[in-house]
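Here is a friendly note to read alongside the model. Please keep the picture open as you go through the points.

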Amino acid sequence: MFGLTLLGAVHTAFALVALVAGYAMLLRHGRIDGASTWGRIYVWCTVVTCLTAFGIFRHGGFNIAHTLAIVTLVTLAIAAAAARTRFLGGFSPYAETLGYSATLFFHMIPGLNETFTRVPVGAPLFTGPDDPALQKAIGVVLLLFLIVMAAQAWRIRKGPAAARQPHPA
């Protein structure tokens, strides 16, 4: 379906679970908490998504999507380490929260490209990663994430009580 290989289908399934878990936490709590059940689902599905990406070569050999998978894995590792060890001192809550949010944005880049170069069937919205309309869509999503991340940083700065309050939906 949609020209996906078995590996592509597995990759997509894990990515979709990660997106659901990540957005559910973001909408409900204003952040992704890697220690919670949904947070662990998000993190591990994101890891599997990144690892399976290394076997997908739809656009040729090693490419920007593979680089993004590496950046995502490194960002996840920093966010998790900041949460567990507080190795960054007072910056650890920022590294954790903003790192996890950044990885959710990273999901959106190939997600938008791969989805909307196939959908709607027969008349996809974008022609490929270089399509100016896709680049504008990614820019809009980036702007939205920057706004969310600024709000997250503001909540962290206000203190622990504000950061634990549910985010109004």
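1. Residues are numbered from 1 along each chain as its sequence is written, and side-chain values use heavy atoms, with hydrogens and water left out.

2. **Confidence.** The score pLDDT is the predictor's confidence in each residue, from 0 to 100. Its mean over the protein is 92, and 92% of the residues reach 70 or more. Among the elements, helix 2 has the highest mean pLDDT (98), while helix 6 (residues 160-164) has the lowest (56). Where pLDDT is low, the predicted coordinates should not be read in detail. Helices here are DSSP runs (H or I, at least four residues), numbered from the N terminus.

3. **The core.** A nonpolar core is a set of buried Ala, Val, Leu, Ile, Met, Phe, Trp, Tyr and Cys residues joined through side-chain atoms within 4.5 Å. Buried means under 20% relative accessible area, exposed over 50%, and partly exposed in between (1.4 Å probe, protein chains only). The largest core has 27 residues, and Y42, Y100 and L104 touch the most other members. Two or more residues come from each of helix 1 (6-29), helix 2 (37-53), helix 3 (64-85), helix 4 (92-116) and helix 5 (132-158). Helix 4 gives the most, with 7 residues.

4. Contact means heavy atoms within 4.5 Å. Not counting residues up to four places away in sequence, Y100 touches I32, G34, Y42, V43, L76, A79, A80 and A95. S101 also lies in helix 4. Is S101 buried or exposed? At 1% relative accessibility, S101 is buried.

5. **The pocket.** On a 1 Å grid over the protein atoms alone, a pocket is an open set of points where a 1.4 Å probe fits, with protein on both sides within 12 Å along at least five of seven lines; lining residues have an atom within 4 Å of a point. Of its 45 lining residues, H11, P110, G111, N113 and E114 are the closest to its centre. Helix 4 gives the largest share of the lining, 11 residues. By class, the lining has 23 nonpolar, 18 polar and 4 charged residues.

6. **Backbone points to check.** Most residues other than glycine have a negative phi, and most peptide bonds are trans. R86, in the loop between helix 3 and helix 4, has a positive phi of about 55° although it is not a glycine. The peptide bond from V119 to P120 is cis, with omega near -10°. P120 sits in the loop between helix 4 and helix 5.

7. **L7 and G55.** L7 belongs to helix 1 and is partly exposed at 32% relative accessibility. Not counting residues up to four places away in sequence, L7 touches T52, G55 and I56. G55 is in the loop between helix 2 and helix 3 and is partly exposed too, at 41%.

Definitions and conventions: Predicted model: local features only at pLDDT ≥ 70, side-chain atom pairs only at ≥ 80, totals over all residues. Nonpolar A, V, L, I, M, F, W, Y, C, P; charged D, E, K, R; others polar.
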